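Let's take a quick tour of a protein model, one topic at a time. Have a look at the picture first, then read on.

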Amino acid sequence: MIFQVAINAPLHGLFDYLPPADWTGDQDVLGKRVEVFFGRSKTTGLIAGVADESSFPASRLRKVNQILDKDPVLNEEMLSLLLWAAAYYQHPVGEVIATALPLALRQGKPLGGIELVWSLTPSGAEQDSAALARRAPRQWELWQKLQQSPAGISEIVLADLAQNWRDTLKRMLDKGWVSSREEQISTEYPLEIHPGPTLTGDQSTAVAEIIDACSGFSPFLLFGVTGSGKTEVYFEAMEKVLREGRQVLLLVPEIGLTPQLLARVRARFDGKLAILHSGLADGERLASWRDAASGAAHIVIGTRSAALVPLARPGMIIVDEEHDPSFKQWEGFRYSARDMAVARARRHKVPVILGSATPSLESLYNVHRGRYRQLDLPERPGAVTHPEIRLVDLRAHASNEGLSTPLVLAAEKHLAKGGQVLIFLNRRGYAPTLFCTGCGWTARCKRCDAGMVVHHRERRLHCHHCDTRRPIPETCEECHEELAPVGQGTERVEETLSQLLPDYPQVRIDRDSTQRKGSMEGLLDQIRSGHARILTGTQMLTKGHDFPDVSLVGVLNADQGLFGTDFRASERLAQTIIQVAGRAGRAERPGLVLVQTQYPEHPLLTKLVTEGYAAFAEAALAEREESGWPPYSHLALMRAESPSMQQTLAFLDDARRLLILPEDNSVGALGPAAAPMEKRAGRFRAQLLVESRDRSALHKLLTPWLAQVRELPEGRKVRWSIDVDPIELF
Ligand code: ADP
Ligand code: ZN
Ligand code: ZN
């Protein structure tokens, strides 16, 4: 018997080992971790396959030192999914498997069925509540919870109850108020399901269709405008699955995992939740992973990486905002969590719901092809109206620092009537560049092909691509004339608005204003309480947040998206406009959305504004078909970068020469060519695109080609990668 072991290293393929000396031969070993010698060092691997023989003579194979797990850490379905993904995305299988495991497991530590449970000591229980509340509010909060749970609270639950609970607990431990004991971890938690609202007709139809298909693999596209009640449809469908004792995996975009969403899930499903996102500490991640894998968690909710977490009893997978680019991993193992969710549902034989107000063209195409079933929610429940979207022709109207007169007048009107106003632009900082009025010099990053963005608060120039920062020069570096910031970022729009509409308090939400922990919540509170009347922000404002009193939305720099270099630019623009628009008019006030543009007659833009996203998507799909871009073709993008463009291109040229295209022209190649941003962080970037209408023809070619490319001597001088199904071409 040969064990085929996956090892967390940038090497392709599995490694053959002999069973350990004490192996009795009767255990099922697939999915268990092993300790092995790899090269000269000991490492942790995972048995991903077994075989009767190896292509190496047995005398050259080493024995596994020991099998680390009693039970597999990855079940067969997950293992098969990950092996498939490694082959599909052309990524080293050991690294793919490592991505799916929490750190402690990658390091060979036991999964651990024991945890600490904390409770108050007699002296802790005697503390005076009111005094403690005054002196140490955080400790008081925790103290109250412990007071209410005489049996104690496990660390996993504490982590859910309070932020920074460890520090707080430590302080209480130092005073002798709390003590802990070890306990076997429970895998069974009670679940109480509270009733939701009575569904509308469209919602009921959608739920009925999903429930009908619950016994097998069936993919759905739930296409419903923002506020149409998609979440209630998820909840209702989840209820059915949860009542059968099965688990639900709910994936949300990076910034969609908001406290509001979690509160809604908790209010409806009083059970065990496992939460997974990039901000977790290793211990928290391990606890969530364990609850998902053991079946303890009823609902697993998380961002991208949660798509790879095993479930003991999977019953349904939901991908909310399925169009969102944050479902794609950008570096290393470049997978799409959305596509993985579908591949996974197929293996688990469960339904998968992809929900969006602005579905990706890929998913709509899959509906056309009969692969996905579309469910529509065209209306908002209750009397809530759709916002009206209008274009503002920037050529016909004066504007002040990017704010057109019609937009400013509309803002005055809406503010006077008590509404809130949201201004969206996807550019943080004060101004995108600094310009010399004398000689035309602009401040550029020395390491990138990009302008340095002016940040006024910080009093610095900042490159958004490589993070270089430097002081703002007083005068031009070339001719010592005066310098002026050109264009607008969120900081400048905020400044202009406070001059034009000084009576209304503002908040700005972007990466800079929300850097400190908790600051986002503070800003959102100002909006929800109605204190802030004007909200300026980037993409961060558009997702997952609900602003019922916003009655006017302004979209400032829409045109960037119309002529972007990427074939997805117009799709992204349309999604952004509709998503931002979705923030308006949720309450009784009808909403108005003003989109400023230099090109009001652009066919896709007018289609979107007059006929809506579905009509836009049809037109955009027709364009894609004509030009042969995805979803009508499949892409693999080879990116390379090095300190010299010559070197970068030399590598890609060599790679191109190794590429033998089939004679039937089913696969084509484009490039090598310099990337749209040629230089970034001091490295010169270029790319080679391989493209085919036939996915299997493309994949047949990739594996042997990349094996050869990996051997290229030029490859050692450059950093290169392959991106299968890239979502952006740069
Ligand atoms: P989406 O997920 O499509 O943005 P939500 O599910 O969040 O929509 O619903 C928007 C609002 O409408 C929420 O406040 C929700 O509670 C409410 N809602 C949804 N469905 C119903 C319904 N059938 N009856 C009453 N209110 C509903
Ligand atoms: Zn100058
Ligand atoms: Zn830079």
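**Holes, cores and a metal**

There are 4 cavities of 30 Å³ or more here. Keep in mind that this is a predicted model.

**Cavities**
- The largest cavity has a volume of about 90 Å³.
- Its lining is made up of 13 residues, and N8, T44, G45, I97 and L101 are the ones nearest the centre.

**Nonpolar cores**
- In soluble globular proteins, nonpolar side chains tend to be buried together.
- The largest nonpolar core in this model has 117 residues.
- Those with the most contacts inside that core are L74, I97, L422, L535, Y613, M638 and W705.
- Another core, of 33 residues, lies apart from it, and A206, L257, L262 and I318 are among its members.
- If you skip its neighbours within four places in sequence, L74 is in contact with L30, G31, L46, L79, L82, I97, L101, W289 and P310.

**The zinc ion**
- Four SG atoms hold the zinc ion (ligand 2), from C436, C439, C476 and C479, at 2.2 to 2.4 Å.
- Along the chain, these donors follow the spacing C-x2-C-x36-C-x2-C.
- The arrangement is tetrahedral because the 4 donor atoms subtend angles of 102 to 114 degrees.
- For comparison, the ideal angle for four tetrahedral donors is 109.5 degrees.
- C436 counts as buried, with 1% relative accessibility, whereas C439 is partly exposed at 42%.

Terms used: Residues numbered from 1 in each chain as written. Chains lettered and ligands numbered in written order. Predicted model: local features only at pLDDT ≥ 70, side-chain atom pairs only at ≥ 80, totals over all residues. Heavy atoms only, no water. Donors = N, O, S within 2.8 Å, 3.2 Å for Na, K, Ca; no water. Tetrahedral: all angles 85-135°; square planar, octahedral: opposite > 155°, others 65-115°. Buried < 20%, exposed > 50% of the residue type's maximum accessible area, 1.4 Å probe, protein only. Core = buried A, V, L, I, M, F, W, Y, C linked by side-chain atoms within 4.5 Å. Contact = heavy atoms within 4.5 Å. 1 Å grid on protein atoms, 1.4 Å probe; cavity = no way out; pocket = protein on both sides within 12 Å on 5 of 7 lines; lining within 4 Å. Points joined across faces, edges and corners; volume = space filled by probe spheres on them.
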